[in-house]
Amino acid sequence: MSEPAPDPRMQSLINQLWPGVVRTVKVIGFDGADVLVELVDADGGAEIGRIPRHEASMRRMEHPSELFEVGQEINAEEIGRRREGQLHLSARACEIPALRSFLLAFERGQVVAGTVSAVHNFGVFVHVDGEPDGLCTGFIRVPDLTWGWINHPSEAVEAGQRITAEVIIAEPRSGQVTLSLKALQEDPLVRFADHVGRVLTGPITRIVPFGVFVQLAPDVVGFLHLAELTDEPAETPDQLVDEGELITVRVTEVDLQRHRVRLGAAGGADRT
């Protein structure tokens, strides 16, 4: 069976964040909170570029003039040209040479080891082995922690835990390498794909205004639309069923690319 195609939206984001060429520039002034620079290594004459405020530094500051002075030469990474054709650059991407070198050494799909530093509701920070002292370079988004449904990242990992993960992208501008624990786990839907057409019974794990999610197997949850719950008019599923209640359903589709399971009616709920 072929592997699911990558999410085109994620691939587009990765392409935008891919490291650009490093240029030597000289600070010539400020335009509001942006830094105006002249490309020292420009071919065929001087070219004026711009470092947006949020690309000036990883450090907190009120204004870039706290960090740069007119006439100063710095390295900055090309991040693209805007509609007016002016080159935009990132100084923060080159701010810590050791960090940049560390991040650029990674390749997508590479397996790395590290120690969980902190667990938050929006994701997990990881000290990646070999990172520069005093920095925390790894980050795992919540959807990349596990194939199963979790209410909080602490259900998947804890601070101090040793982990191995796969590199999604290393990005000098953010100073981080985005990792995935899930990528090293077998997709449970691959083995579940042959269940289309089967009638299964499982508990309702979550109720939303337009339907319910049903646990079908370990780390496999399917969705049953409100219209499949009853032939009678109902505004919300919680008028018909309760969370934790067992319900019998038919598997109508297993979509590996979108990683979802659709369910249809297969008799009434088996109330317990």
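## Aromatic pairs

F102 is buried in this predicted model, at a relative accessible area of 14%. F106 also counts as buried, with 14% relative accessibility. The structure holds six aromatic pairs. One of them joins F102 and F106, whose ring centres are 5.0 Å apart with 85 degrees between the planes, an edge-to-face arrangement.

F122 and F139 form a pair as well: their ring centres lie 6.3 Å apart and their planes meet at 25 degrees, so this pair is stacked. The pair links distant parts of the chain, 17 residues apart. F122 sits in the loop between strand 6 (111–120) and strand 7 (123–128), while F139 belongs to strand 8 (residues 138–141). F122 is partly exposed at a relative accessible area of 48%, whereas F139 is buried at 13%. Together with F125, F122 and F139 make up one aromatic cluster.

## A lysine over a tryptophan

K182 is placed over the face of W147, 4.5 Å from the ring centre.

## Positive phi angles

Most residues other than glycine have a negative phi. D219 has a positive value, near 65 degrees. D219 is in the loop between strand 12 (211–217) and strand 13 (220–225). Its relative accessibility is 42%, so D219 counts as partly exposed.

H259 also has a positive phi, near 55 degrees. H259 is found in the loop that runs between strand 14 (246–255) and strand 15 (260–265). With 26% relative accessibility, H259 counts as partly exposed.

Note on methods: Residues are numbered from 1 along each chain as its sequence is written. This is a predicted model: local features need pLDDT of at least 70, side-chain atom pairs count only at pLDDT 80 or more; totals for chains, interfaces and linings use all residues. Side-chain values use heavy atoms; hydrogens and water are left out. Helices (H or I, at least four residues) and strands (E, at least two) are DSSP runs, numbered from the N terminus. Buried means under 20% relative accessible area, exposed over 50%, partly exposed in between (1.4 Å probe, protein chains only). Rings of Phe, Tyr and Trp (its six-membered ring) pair if their centres lie within 6.5 Å; planes under 30 degrees apart count as stacked, over 60 as edge-to-face and the rest as tilted. A charge sits over a ring if NZ of Lys or CZ of Arg is within 6 Å of the ring centre and within 35 degrees of the ring normal.
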